[in-house]
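Hi,

Here is the structure I said I would pass on. Have a look at it first, and then read my notes below.

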Amino acid sequence: MTLRVDRRRCAGSGLCAVQLPDVFDQSEEDGKVLLTTPEPGPRLAGAVRAAAARCPSGAITLHGGGPDGERPRDGNGTGRPRGRAQETEEAW
Ligand code: SF4
């Protein structure tokens with residue numbers, strides 16, 4: 001499983017960094033998400049899926065690594081990001 005975050009979409013809530021500090025951080029400059037562990041491994045897979053589902057802006061997507069990561073996932077359960085923008089930008 002590989003993670004991607006769209007910093008343009010991120011609302012800076014900090015929820016993911018609080019839930020999973022081993023995977024996400026929050027920028028001191030703009031308050032937006034920083035992805036510190038783009039391939040978190042199976043031990044964190046459930047927690048990563050939960051964090052992506054809870055992200056209020058749909059900025060976290062999962063790619064590969066099993067049935068739940070075969071296509072991009074996000075908090076709205078459709079595989080499509082919420083809102084208008086369709087572009088995805090990796091944090092790193
Ligand atoms: S939970 Fe979503 S909106 Fe909040 S900081 Fe993380 S990526 Fe950004």
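**What I found**

Of the 92 residues in the chain, 39% are buried. Please keep in mind that this is a predicted model.

Let me start with the overall layout. The chain has two helices and four strands, and reading from the N terminus their order is β-α-β-β-α-β. If you take the contacts between residues at least 6 apart in sequence, 55% of them join residues at least 24 apart.

Next, helix 2, which covers residues 45–54. Which of its residues are buried? They are Ala-45, Val-48, Ala-51 and Ala-52. These four span an arc of only 125° around the axis, so they lie on the same side of helix 2. And what covers them? The cover over the buried residues of helix 2 includes strand 1 (2–5) and helix 1 (15–19), along with strand 2 (24–26) and strand 4 (60–63). When you open the model, you could turn to helix 2 and look for those elements around its buried residues.

Then there is the ligand. Where does it sit? You will find the ligand in the largest cavity. It is surrounded by 13 residues, and the closest are Cys-10, Ser-13, Gly-14, Cys-16 and Cys-55.

Arg-4 belongs to strand 1.

How far apart in space are Arg-8 and Ala-59? From C-alpha to C-alpha the distance is 8.2 Å, although 51 residues separate the two in sequence.

That is what I have for now.

Best wishes

Definitions and conventions:
Residues numbered from 1 in each chain as written. Predicted model: local features only at pLDDT ≥ 70, side-chain atom pairs only at ≥ 80, totals over all residues. Heavy atoms only, no water. Buried < 20%, exposed > 50% of the residue type's maximum accessible area, 1.4 Å probe, protein only. Arc of directions from axis to C-beta. Contact = heavy atoms within 4.5 Å. Near = heavy atom within 4 Å. 1 Å grid on protein atoms, 1.4 Å probe; cavity = no way out; pocket = protein on both sides within 12 Å on 5 of 7 lines; lining within 4 Å. Sits in = over half its atoms within 2 Å of the grid points.
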